[in-house]
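These are my notebook entries on one chain. I list what I looked up, entry by entry.

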Amino acid sequence: LSDLLKKVCDKEVFVVSVIGAQSSAKSTLMNYLFDTDFAVRGGRCTQGVHMSFLETNDDSPAILVLDLEGQQSIEGGSNKSDAQLTLLAMAASNLVLLNHKGELTRQFQDLLEICMHAKKHLDIV
């Protein structure tokens, strides 16, 4: 993905994504860190993948921010769709942020397991 984006915008592109449990404030985190404008409000959850492209004026790389649907969502998400979204994030990103609410819950352990499974299939060292 980075190579394709570099051809399109004639500069390096750094891809950052965030994954985590549903309603763990992933969109809010990305808005704060990257000054993006992902929709956030009570009861609103990201569906699928939302992205924001941030251009830079200097020689530093442009940034593509990916905000992914929450893991284990109530709206019909399955372990398969969670694994697919995690695999997408890990395959397409230079940096993947794992967001959680601060405690080591079973839900977070499941997310780490999905990440390790995706890493194994991507053969990332």
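**Entry 1, helix α4.** I looked up what the buried residues of α4 pack against, and found β1, α3 (79-92) and β4 (95-99). I took contact as heavy atoms within 4.5 Å. Helices (H or I, at least four residues) and strands (E, at least two) are DSSP runs, numbered from the N terminus. The model is predicted: local features need pLDDT of at least 70, side-chain atom pairs count only at pLDDT 80 or more, and totals for chains, interfaces and linings use all residues. Residues are numbered from 1 along each chain as its sequence is written, and side-chain values use heavy atoms, with hydrogens and water left out.

I then noted the buried residues of α4: Phe108, Leu111, Ile114, Cys115 and Ala118. Seen down the axis of α4, these fall within an arc of 115°, so they line one face of the helix. The arc is that of the directions from the helix axis to the C-beta atoms. Arg106, Glu113, Met116 and Lys120 are exposed and sit on the face of α4 turned away from its buried side. For burial I used relative accessible area: under 20% is buried, over 50% is exposed, and partly exposed lies in between (1.4 Å probe, protein chains only).

I also checked the length of α4. Its 17 residues (106-122) should span 24 Å at 1.5 Å a residue, and the end C-alpha atoms are 24 Å apart, which agrees. The expected span is 1.5 Å times one less than the number of residues.

How many of the seven residues of β3 are buried? I counted six in residues 62-68, so the strand is largely enclosed by the rest of the structure. Its pairing came next; two strands pair if DSSP finds at least two bridges between them. Strand β1 (residues 13-20) runs parallel to β3, with six bridges joining them. Phenylalanine 14 stands opposite isoleucine 63 of β3. With β2 the sense is antiparallel, again over six bridges. There I found methionine 51 with leucine 66 of β3 as its bridge partner.

I took a core as a set of buried Ala, Val, Leu, Ile, Met, Phe, Trp, Tyr and Cys residues joined through side-chain atoms within 4.5 Å. The largest has 14 residues, and Ile19 and Leu68 have the most contacts inside it. To this core β1, β3, α3 and α4 each supply at least two residues. Another core, of six residues, lies apart from it and includes Val16, Met30, Phe38 and Leu54.

I listed the buried residues of α2 as Lys26, Ser27, Met30 and Asn31. They cover an arc of only 135° around the axis, which puts them on the same side of α2. Among the elements covering them are β1, β3 and β4.

Aspartate 35 follows α2. It has a positive phi of about 55° although it is not a glycine. Is aspartate 35 buried or exposed? I found it exposed, with a relative accessible area of 69%.

Threonine 36 lies in the loop between α2 (26-34) and β2 (49-54). At 9% relative accessibility, threonine 36 counts as buried. Not counting residues up to four places away in sequence, threonine 36 touches Met30, Asn31, Ser52, Leu54 and Val65. A polar atom of its side chain lies 3.3 Å from the backbone oxygen of methionine 30. A polar contact here is a pair of N or O atoms within 3.5 Å; within protein, one must be able to donate a hydrogen and the other to accept it, and residues adjacent in sequence count only if both atoms are side-chain atoms.

I placed asparagine 94 in the loop between α3 and β4. It is partly exposed, with a relative accessible area of 45%. A polar atom of its side chain lies 2.7 Å from the backbone nitrogen of valine 15.

I recorded four helices and four strands, in the order α-β-α-β-β-α-β-α. Buried residues make up 36% of the 125 residues.
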